[in-house]
Structure formats: structure tokens, C-alpha cells
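Let's take a walk through this model, one part at a time. Keep the 3D view open as you read.

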Amino acid sequence: MKRIIALIAAGVMAAVLLCAAGCNRGSAQQDIDVNLPTTYEADITFGVMDDPREVEVANYYISAFNKVYPKIHITVERMTTNIASLYATNTLQDVVHTGSVTSLARRGVFQSLSPYMEASGFDTSLYYDSMIKIGQYNGEQYMLPRDYNKIAVVYNTDLFDAAKVAYPEDDWTWDEFVQTCADLKAGLTAAGYTDVYAVDAMMVWEPVYYAVGVGFGGEWFDTDGTALFENLEDGLTELQQLYQKGYAVNPITKTQNIFLFGKAAMWILSRPSVYNCASMPDLNFDFAAFPELPTATTGAGCTGYAINNRSSDKNAAWAFIEFIMSEDGMEAFSQTGAAVPSMISLAEDPEATWTEYPDPFLNHQAFVLYPGRDFVPPYADYYDDAYSTDINNTLLNLLDNVIQLKYGGPDDDYATLEELITGKAAEINRIQEG
Amino acid sequence: MNRVKEKPSVVIRNWLKKNWVGYIFVCPAVLGFLIFTLWPMLASFVYSFFDYDMILPMQNFGLQNYIRAFTIDWDKFSKSLSVTFLYTVTAVPLDLVVSFALALLLNKSVKGIKVFRVLYYLPCIMPSIASGLLWRNFFDIEYGLANSMLAALGLPAGTFFTSSKTAMVTLLFTSLFGMGGSMILWIAQLKSIPTELYEAASIDGASVFRRLFQITIPLVTPMIFYKLVLGIIGALQAYSGAFIILQGGPGPDESLMFWGLRIYYSAFGQDIPNMGYASALAWMLFLVIGLLTVVIFKTNKWTFYGEDAQ
């Protein structure tokens, strides 16, 4: 009997220890101190997106940061599930890499950075305003942007040469882009490249379809989340025609990145995807700015860093984020070549370190030209985030039906494009009624 | 003879003393069930009556999540229902018939038969992620091997996973390659049938088909019953195959939006989990599976468990 009691007691102790180990990230009250001494000692965790390249970027930061704060030990952890789940299970890291702010800030997952910024005299004017705004909710800053991502065009110089088509210029318009697609299709076919598309236009990627819709005078959502879908016919027809005329691959059915394998002459991408191009040894490419739309919009966005509201050492976490946002931190990020830094002086410096990757002679300015055209789709902040998957699926379904002309036929649910668009808007609004 | 009534504490002590080794051995399994199955089940049952995003406290107690599936969300939920039931009524019989036929063929005493058994079983040992990626590339309509083969045969290109009309058929086709596991079970069952029965039937002049329908099938009914029950449960819960092949997407026109996939999307497919609704969907699925299982057991008069079975 004594043995059983001892075993049960041991089991209970083990369970208590396990629970205690899982509760080490409880919220703690801590006065704001933005002037930590360089001898400050702390252990914090750094959650990065589940991508080996992000671990590489994190290590660049940490290595540079530890030259200033050698006793703040930072452990990098890859976030293998969404931030909300990590927060709910008390396993969210102290500093978090994130692309979405509003829904998490609204629920108190992130610490407001505004008091820290105020105390340290943080100068937001050094960064792209459109990117800074992405990190705001309700007048407070919750995330600081580390990068400046806007869509651009990468093109395969060998395929352009084979088709005898001139390389695109940064100041090209949408009509010129469409004409280039037509020329490429004709030229490539004549050159024997019958299975190569002119462009992988990424038509179901938010920065593309939202921007093209707005760029042709349309509007997607009202600020209260109501799906308006007004005047979208022109923009969506432009995307439809890219596919219907055989210029662009079907974005929904493709199973691989065809540009990387020489099956598309152009690809619409953002800066982080340059890594994929550079990893293809036989691919010769260069960049051009995204073509100008009638109302001059180019899809843009960013990711950045936030502090877990339950972090036990928010001062150390802020010191790390402040370092990331400093010129030294941005320079460390620049060295990875992973993206364009959000600091304007570095982003627009033609000789900045990030422009050396993968080749300094490429047209890297394509990723920073025309900041006035930046269009950051704000819609995810408008509609009910509890149903974002259903809303996104309905949007994809709309695009699929538009691109593949699934209307007007005897088996189709809608007789015209206008009816299809209106019907899908109504569907999204019904989803949100709950 | 009158027995002296012992105190309960003494009874428990003696009982534990006698069986303590057994309890220690079952302890991990019981604890595992309690902590990782029963507790989450009970928790999800509670969640299903609240608006709950796992961050803010649960609020608004009521049946709103259950009602939502049949009102506002009915278009999408009914789509998932039809996809899931279509898959169940086709995949389960298909698996039963094809794997049984395969087992009959591979139950012959032919030289080298073991090689064929291994070949048919091999796809089962491939990780589902790997086979999903393989199928995705195989059925790529532009550059996949499937259309290359059809073109070589002079046949028109297929649309496979890219059309709502062919996506389900294509998925069912891919499921055929996982039948090696079922085949092994069938062969084990076929081996248990006494050969004397076949010998006697042959002497009486029974044809191959007569032996199949009068001896083989009646004697494998326990396996049919077993596979039917597990097949229906598995098919109603299915979504991972399509999830991998379509990279998490629901397929064209949500033609592969299984019930399970809808649960996953609601719970984990977005920045903010809708755990209340996901739990309600999961409990409805549990209820349907439970009811169907009861119906199958209640109508089970056709399984032959042997002459002496009760």
C-alpha cells in the first residue's frame, strides 16, 4: 500500500511540475524602462514564422543585438500554429513576428508599443507611413514593420530574348503590360515555346486582385465590413482576359511555381520571393515595377514585430524591437537580402546592402519606386475576423468563376458577370450576419 | 454460512493489493484517454454552446452555433454535407468491393504471389504527405504525368482536381491506392475459411461463382461488417487526403469541402479561431457517426459468426 501511495504522490508531483513549467509566461507588471543598461540580464523568446529563412533572419538580428546587450539571451522558436492558439495555450513568445495586427490587438494579445515609443522618442517618420499604419489599431501602435513589400514583376530575360520582346520599363502601364503579354505569347509560340505562358499573374493573391479591382475604379468592402463589390467589372474582366487569351496560367489550378521552371516569362511577386528566383541556377531574370493602373494602385504590405501582452520582460522585448528598427538592426536585416527594409533611407538607397542580393546589377529599385501608388488592402480589418476563412473562400470562388467564365451558361448560377459579383457580395454579407 | 461483512476500506485495500500491477500497466492508457480524449471532448462540448475564440472568455451561452449551421451558414454547411455523404456512399463500397476482389486474386497459391502482395501493399507505407504531393503533381493539368499519358494515348486531357465535376472522382481514384491495408485484412479472413468446404462444394459440382456467393462471402461477413463500420466512420471524418493534395484549399466550387475540413477551417484556418462553431460542427458530426453506427449494429442480422456463436 505504501508503494502505491508513493507512486501516486510521485505522479501528482510530476503533474504539478509539468503544469508549473507550462505557466512560466504569465503576465507581469513591469514599469516601462526604455534605457536598459547594456549589462541588463534577461531571457526572452522570439517567435518567427515557420520558415527556415526566418530563423536565419532572426539569427542575424540576435547576433547584432547581442553586441549591444550581450546578457539578454534570446531563444528563437518557429511558430508552427497560429498566434491566437499559442496565446491561448500560454506558449506565445515574448517577441512575435506577425503580419496581422487588428484582430489580435483587439483581443489584447499584443502589448501597445505606443508608451514605449513615446518614452524612447521613436521617430516613425524614418519609415514608410503606409507600413507604420499597418501596425496600428485604435490609434495605438501594436506592431512595427520590419519590411516594405510591394508587388513587382520579375521577368525571364532568356524567354524575352527568345520571343524578341523588349524588356519592360518601370514606367509601363497596364495596357502596355497586356500588350507585352500578347507579344510574348506570339513570340514564344513562334520560337517553339508552346507550353510557356506569358505571365504567372497571381490573380488570386490579395495584393493583386484587390489592387487591380481598386485600380480600375472598384471598391470591395465598406469600413463596417459590408461587401460592396462596386464597379469591379472592369478590373475583374482585365484579370479574366489574361487567362482567357492564354497569357496567364490559371492561378487556382496550377500546382507549382511555373516561372521558376521556365514555364512563364513573367511573374508578379514581392521581394521575399526573390530568394526563390535566386535559388534556380539556370534562371536569368530581372525586375520591373508593377504596371501603372488607371488609378495608380500597387498592392503593398509588410510584416513586423509585436510584444506578447503576457511577456514577463516587456522592457527587454522592447529593447530588441527597438534595435531591430534601428539603423543597425535594419542593416542586419538588409544583409539577409530577404526583403526591403522598412526604413526609407535604406530602402531607397540604390547602394544599400539589400540591393546586392542576389546580384547588384539587377533593377532592385522596382521594389521601391512609386510609393505614392502603395495600396495596402485594409479589408481584413473591416470584416468579421471570425469568418475570414469563409469570406476568403467566397472571394476565391468569385475569382475562379470570373476567370473561367462560369456564368451565363445553362448550368451556371448567374447569368451575367454583374449578377455573379453581386451574388457573391450578398453571400459574404450573409456569412457575417451571424 | 454467514460471511463477516468487511469494511469498504478493507475491501478496496485488498482489491488494490491483489491487482495493483495491472492498474499500473493500464494507467498510461487510461490517463492518456482521460487527458487527451475525454477532457478535450467535454471541453469542446461546452465550447459548442458559446461564442469562443480561445482568447476572450466564452460568452453568449446558447444554441447559436448549432442554429447557425442550419440557417445563415446553410449554403456552405449543406455543401459540406453533400460532399461528405457523396464521398462516404462511394468510397466505402468501392473500398469493400475492390479490396475484396484484389484479395481474392492475391489469395491464390501461385508462384511469386507474395511479390504482388508486397507491391499492392507498398503505397500504404508511403507517408500521406508524400503521396499527397505525388498525386498533386501527377494530376497537374498543365505539366502532370496523367495528362501526358492521356495525350500519348490520343485521349483528351483531363481536368482532375481543377473542375468541380471531376475533383471527387479523381480523389476517389487516388484512394484506390490505399487499399493494400484492406487487402491484407481480407486475405487473413479468407485464409481462415476451411478448405474442406470448397473441396466438398467442388465435388458437388459448384461453380466458382456459386462457391464465392455460397461459401466465401457468407464466411467473410464479420470482416464486411467490421470494414463497413470503420469505413463509414473514416469516410465521414475524411478530409486529409484532399487537404494535402489541394494545399488546404476546398477545391473548385468547394467541391471537396468535407465536413472535417470545415471544422478545421473554423478552428484553425484563420487568424482568430471560431472554436464555438467548430466544436458545434464536430459534435454534430459525432452525433451522425454515432447514429449511423447504431443503425448498422441494430440492422446487423446478416453477419455469420459461426454455428455456435450466440
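## A five-stranded sheet in chain A

Start in chain A, where five strands form an open sheet in the order S2-S1-S3-S15-S6, with mixed pairing. Its edges are strand S2 (72–79) and strand S6 (144–145) of chain A, and each of these pairs on one side only. Helix H2 (residues 52–68) of chain A packs on this sheet, where the helix touches strand S1 (42–49), S2, S3 and S15 of chain A. The direction of H2 makes about 170° with that of S2(A). Bear in mind as you look around that this is a predicted model.

Now pick out one pair of neighbours in the sheet. Strand S3 (residues 95–98) and strand S15 (residues 304–307), both of chain A, are joined by four bridges and pair in the antiparallel sense. Which residue stands opposite A:Thr98 in S15(A)? That would be A:Gly304.

## A three-stranded sheet, also in chain A

Chain A also has an open sheet of three strands, again with mixed pairing, and here the order is S7-S14-S16. Strand S7 (149–150) and S16 of chain A are the edge strands, each pairing on one side only.

Strand S14 (residues 298–301) of chain A runs parallel to S16(A), and two bridges join them. To find this pairing on screen, look for A:Thr298, whose bridge partner in S16(A) is A:Asp374.

## Two helices meeting in chain B

Over in chain B, helix H4 (residues 113–121) packs with helix H8 (residues 180–191). How do you describe a pair like that? Two packed helices are described by the angle between their axes and the distance between the axes. For H4 and H8 of chain B, the angle is about 140° and the axes are 8 Å apart. H4(B) and H8(B) are therefore oblique to each other.

From H4(B), the residues that take part are B:Arg117, B:Tyr120 and B:Tyr121. They meet a group in H8(B) made up of B:Gly180, B:Gly181, B:Met183, B:Ile184, B:Ile187 and B:Lys191. The residues of this contact between H4(B) and H8(B) split into five nonpolar, two polar and two charged.

## Where the chains touch

How many residues of chain A are in contact with chain B? The count is 40 residues of chain A, against 35 residues of chain B. The size of an interface is often given as the accessible area lost when the parts come together. Between chain A and chain B, about 3200 Å² is buried, and carbon and sulfur atoms give 53% of that area.

There are also five salt bridges across the interface of chain A and chain B. One salt bridge to look up joins the side chains of B:Arg262 and A:Asp390, at 3.2 Å from N to O.

## A salt bridge within a helix

Over all chains, the count of salt bridges comes to 18. Among them is a link between the side chains of A:Asp129 and A:Lys133, at 2.9 Å from N to O. Both A:Asp129 and A:Lys133 lie in helix H6 (residues 129–134) of chain A, four residues apart, which is about one turn of the helix.

Most residues other than glycine have a negative phi, and most peptide bonds are trans. A cis peptide bond, however, joins A:Tyr357 and A:Pro358, with omega about -10°. You'll find A:Pro358 in the loop between helix H14 (344–347) and strand S16 (374–375) of chain A.

In chain B, look at B:Asn60, a residue other than glycine with a positive phi, near 60°. B:Asn60 sits in the loop between helix H1 (8–47) and helix H2 (64–70) of chain B.

Terms used:
Residues numbered from 1 in each chain as written. Chains lettered and ligands numbered in written order. Predicted model: local features only at pLDDT ≥ 70, side-chain atom pairs only at ≥ 80, totals over all residues. Heavy atoms only, no water. Pairing = 2+ DSSP bridges. Contact = heavy atoms within 4.5 Å. Axes fitted to C-alpha atoms, helices over the stretch in contact; angles between N-to-C directions. Parallel < 35°, antiparallel > 145°, perpendicular 65-115°, else oblique. Nonpolar A, V, L, I, M, F, W, Y, C, P; charged D, E, K, R; others polar. Buried area = accessible area lost by both parts, 1.4 Å probe. Salt bridge = Lys/Arg side-chain N within 4 Å of Asp/Glu carboxyl O.
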